[in-house]
Amino acid sequence: MKTHYLIPAIVLGMALAASPASAQKKYDVGATDTEIKIGNIMPYSGPASAYGVIGKAIDAYFKKINAEQGGINGRKINFISYDDGYNPAKAVEQARKLVESDEVLFILNSLGTPSNSAIQKYMNAKQVPQLFVATGATKWGDPKNFPWTMGWQPPYQSEARIYAAYILKNKPNAKIGILYQNDDFGKDYLKGLKDGLGDKAKSLIVSEQPYEVTDPTIDSQVINLKGAGVDTLVTITTPKFGAQTIKKVAELGWKPTHIITNVSASVGGVLKPAGLENCKDILSTAYLKDASDPTWKDDAGLKNWIAFMDKYMPDANKADGSLVYGYSVAQTMVQVLKQAGDNLTRENIMKQAASLKDVQLEMALPGVKLNTSATDFYPFDQMQMMQFGTDSWKLFGPVITGGVASAT
Amino acid sequence: MNTAAPVSKRRAYEAPAYWRWLGFLIVAAIALPLPFLLKNFFIFQLTLAMVYAIAILGLNLLTGFNGQFSLGHSAFFALGAYTAAILMDQYDVSYYWTLPVAGIVCFVAGFLFGLPALRLEGVYLALATFALAISMPQILKLSPLEHWTGGVQGIVLIKPNAPFGLPLNPDQWLYFFVFAVAALLFFCAYNLVSSRTGRAIKAIRDNPVAARTMGVNLSLYKSLTFGVSALYTGIAGALGGIAVQFVAPDSFTFGLSIALFVGLVVGGVGSIGGALFGAWFVLFVPNIAEQVSKGLAGAVYGVMLVLLIYLMPFGLAGLVRMAAMRFARAKR
Amino acid sequence: MELFLHQVLAGLATGGIYACMALAIVMIYQAIDHLNFAQGEMAMFSTFIAWQLIEWGFPYWAAFFLTLAISFAGGYMIERVIMRPLHNAPILSHVAMFIALFAILNSAAGFIWDYQVKNFPTPFGTKSILGEGLLSAHDAGMIGATVVMLLFLFLFFRYTRIGLSMRAAAANPESARLVGIRVGWMLALGWGMAASIGAVAGMLIAPVVFLEPNMMSSILLYGFAGAVVGGLTSPAGAVVGGLMVGVIENLAGTFIPVIGRELKLTIALALIVLVLTVKPSGLFGRTVVHRV
Amino acid sequence: MSTMLLQAKNICAYYGPTQVLHGLDLAIAEGGITTLLGANGAGKTTILRSVCGMVRTTGEIRFRGHEIADKATEDIVRLGIAHVPEGRGTFVRLTVEENLQLGAITRGNKVEIATDVERVFGYFPRLRERYRQQAGTLSGGEQQMLAIGRAMMLRPKLLLLDEPSFGLAPLIVQEVFSILKQMNQREKVSIFLVEQNAALALDLADQAYLLETGRVVMAGAARELREDENIRRAYLGY
């Protein structure tokens, strides 16, 4: 079976980017007639090694493109991925290696807020694109100060604002308790939530409980939240702590309105380990399809993804949301490169990345589209809320466009 | 583990003084032209290697020469880096002035930490320093300090340009700058170790009871060594922050302490020159490991470490010393 | 006051985890006179083996005991194959070896079983038995199992010849050889037992924190803290120490304003270091008196 | 004179690359007390360590017909050689009881072990009072007694003693040495004694060797050595 998975995207892209393949070939370092060199930095070792599969998924997808389509516009993709062990100092070293020694055209989807913060200034000074960074911090969409850096996933703050709006509308007198990871990720969400609640933040939030990634359990924090009389719990955690929280809340016989971040909403990766019976009515949002959610079992996009997985990553655990993430990042990249045509300068890559119009990825939720412009560096800024039933998420309400892009 | 006397009690083979000078000249002859031959990226890597070498040397002064075990040197590295970063970022202090300040701050911190640590030995000291390493990133993230530390986001720094209109790019300049600082610090370490004070420090390692009866003030010397060790590591931290142009809590986790410790062991406990090889290992072996296998990068690293320890249980310095001893014997 | 009680109870439940780990740490310290940094990863790896066996359809208890046996063999082999060639090397080289072992086991587990969190079954059930879910049957079972192990170890070391031989071999290998003890075997045996106890700890802890390759890295720290505060020479001290760490940490996080929530671990550690400066061999540790 | 219990031929011993013993011969008679004299650093301790396989040794050592030069320490011990090492080798963290039990760790019969403990108490009544105490808390003399007691728990054929008088008060030394004499006679254990205090050692021993820088320079009956002019001047000091 040889299908062009990106047909809708390609059609759209062609329609919008008038004539992508201009006659004249233009290259910067890293691109030739036969090859495009793309760099990447991932935490294959160290505390965040769980996310290393993103790099592997991107790599696998590019292998597929090279094998099945002969690359993009006749150029094979050479994907060079390095390990930074989630250490910013190492990320700087690896970024410089990619740019100065391997001479890549750009760096794609480097992971982690600290690592990307560390290399941002360097990349912009060198004028090398730092594309589609793998972090949802809000600061990545700042074209005025950092024209060479672009985010990809919905900003954490956008998602948090969606929850804030939901609470204000449905539980105006909520007693909100927040459990958050004490790092850039947690604090960004916290800010988004407070901004979204506006004046009412002070009166509605009754307890904020941070935890460290190094904490073995979050039991103590959950007990404090319950003790503070919280009736609306917002859980801003990574998957492991998300599962722990769901389980502990159930063990305590506590039934608050429970909102959990998209990061920890995977059915296979979080809810199943925590016990599906404990997850009834939990709220979250999504922008990508959850491969472990039975809702999508007959979905064409998912079937393509499964076919890809079976062929190129047969040993991977399909419940891992990072695989869908990496796959979608790679598809976005392919789209941008197709748009760029034969003009493979760094400037044009950046320009094309900033000219995505209503691109519907096959693993994105229906209606959740990629959009960028010269002033909008948040490719994904749409999400939809969902509530857990007995064994799968049920999407509800409209596709919401986050407020952050327009607010800044 | 019993780390009261962690190093072998065998008599070390002492190379004659002129060998050391010769060694230094060879190193300098190789190191000085390098920045004109290599790409900027490699210059940057070598700069980082020198930074780690200084930090490992600091750890070696404490563990190798004084017999005090520390898993907490990432904390002093962080303290030095943040001192430099905050001075540069908030008070516009020139980068070169941040080094002495970072050194002094870390010396004081190390000395003060050394005081209660006096009561602890072996595993207990290991735990106390371990606790320090674990706590440091959390303290750096602390909300009340966010104004200075930048909290979880860290501080971005500007790379210094070469002064006096020297025809060097920032990477080359920083390389020479770090080389000069490293040369000075290594020189001081050599002199310290072979001085009267140095003998007292080593006597404490080898036989504390005898040292005391010889009139060595144990508490003072141990705390001072802790301070000097922290000073070295703190200066390394400041240089590291300047070179990387970014400091954040995640750069200074317990993993850094482990890396420094591994560098210490493979370089050679109680050897000053060994720190250079240790730094090389810390910086490059993870890169080699990930080239072998991405999924098993950690395992490959571990296996390489195992093999290296089999090959030279006393570190590279031990191996060199043994070879030198054989050589000297053969000559006789 | 209610919150205080709740936090103490929850602290005991979490402390049970630390106590379990602390016991494994003290055990290997008794047997090899070292702290083993790879101990947590060994426990994690054993737990993955148990998980795999259960996935393959073994009943829980069969998997449990099979894992104990496999772990014992694994620990024994690690000593024989990896540590043995180093018996003349300085102690710091041993520590570096533990670090290497840590890296290898952690990375291999991630490679084989990936990083997705996995649910691990509990033999005790999850019913709440005290204070509405504050102390579940599993928590109680875990503390109970720790105490049983403690008792078993106490009897083993105190009253069996092999236990006595192991203690002697660890404390003074040269003298032990001079009374005819095969020290090499004793060390390997110690590693095997420590690996088995670690496996029990891992299998008891996993149902609470979920199984994944990094499950043990932070627990090991708390285990160390518990073991050291209780005194490394005293298995009972380790258990008490572990429980204490759990409770102190919860109380610090709950009742110290502003910095407490963000620095609860730091505060707990600072307290421990304070305890050590007052009582350098831990609360229950025996001071070795040397008279010449 | 009875047969030879231990016979060593041409032993050389090395610490790392340094040779300490240079091909010496030695024989210990069954049932007797043999002493080894020599200055500090002459290699006395090394000989004991060679016999017990604790140092790299070449040459031939036969004990009751077994070749033991290439055997591991624990196997040599199991043949019936008990060694009280320099510094006594006490297990300081263990109790007196446990230390004694360890001495008999290679033996299986619990009843015999219990009677042997009683026998040790017969020689050293003070150990009975300290039975449950941590060995590290004992005084120097008591620790020496414990070390000898522990060695006797093996029911050895040969007892190696390294400087039993070291650091002890003269009165205690007298006591220990007279007990050693009794043991030698009653327990049928041969003793090989390394001692700084030559006068004391020669009084106790039947046979003696004099060692200088890793070589035997004189051997014979203890009585004869005591009369020797050179020995008197160099080691006895009168």
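Hi everyone. Please keep the structure open while I talk, and remember that we are looking at a predicted model.

Let's begin with how the chains meet. Five pairs of chains touch, and the pair with the most contacts is B and C. Chains A and D, on the other hand, share no contact, and their closest C-alpha atoms are 35 Å apart.

Now to chain B by itself. What is it built from? Chain B has 15 helices and two strands. Its C-alpha trace spans about 55 × 45 × 45 Å along the principal axes. A compact globule of 332 residues would have a radius of gyration near 20 Å, and chain B agrees with that because its own value is 20 Å. Of those 332 residues, 58% count as buried. If you take the contacts in chain B with a separation of 6 or more, 79% of them come from residues 24 or more positions apart.

As for charge, chain B carries 20 positive and 9 negative side chains, with the centres of the two sets 21 Å apart.

Next, the inside. Which residues have the most contacts within the largest nonpolar core? They are C:Ile181 and C:Leu232, in a core of 231 residues. Helix α8 of chain C, residues 183–209, gives the largest share of this core, with 17 residues. Another core lies apart from it, with 103 residues, including A:Trp296 and A:Met150.

Do zoom in on C:Leu232. Beyond its close sequence neighbours, within four places, C:Leu232 contacts B:Val123 and B:Tyr124 from chain B, and its partners in chain C include C:Ile25, C:Tyr29 and C:Ala227.

Staying in chain C, look for C:Leu243, in helix α10, residues 235–255. Setting aside neighbours within four places, its contacts include C:Gly11, C:Gly15, C:Ala19 and C:Ile143. C:His94 is 149 residues from C:Leu243 in sequence, and their C-alpha atoms are 30 Å apart.

Over to chain A, which has an α10 of its own, at residues 267–274. Is this helix mostly covered or mostly open? Mostly covered, since seven of its eight residues are buried. Among the buried ones are A:Val267, A:Leu271 and A:Pro273. What do they pack against? Their partners are α9, β12 and β13 of chain A.

Helix α9 of chain A is also where we find A:Thr245. Why do we call A:Thr245 buried? Because its relative accessible area is 1%, and the cut-off for buried is under 20%. A:Thr245 touches A:Leu179, A:Val222 and A:His258, among others, not counting residues up to four places away in sequence.

Finally, two backbone details for you to look up. A:Glu103 has a phi near 55°, a positive value in a residue other than glycine. A:Glu103 sits in the loop between α3 and β4 of chain A, and is partly exposed, with a relative accessible area of 37%. D:Asn10 also has a positive phi, near 55°. D:Asn10 lies in strand β1 of chain D, residues 4–15, and counts as partly exposed at 48% relative accessibility.

How values were computed: Residues numbered from 1 in each chain as written. Chains lettered and ligands numbered in written order. Predicted model: local features only at pLDDT ≥ 70, side-chain atom pairs only at ≥ 80, totals over all residues. Heavy atoms only, no water. Core = buried A, V, L, I, M, F, W, Y, C linked by side-chain atoms within 4.5 Å. Buried < 20%, exposed > 50% of the residue type's maximum accessible area, 1.4 Å probe, protein only. Helix = DSSP H or I, 4+ residues; strand = E, 2+ residues; numbered from the N terminus. Contact = heavy atoms within 4.5 Å. Rg over C-alpha atoms; globule rule 2.2 N^0.38 Å. Lys, Arg positive; Asp, Glu negative; His and termini not counted. Charge placed at Lys NZ, Arg CZ, Asp CG, Glu CD.
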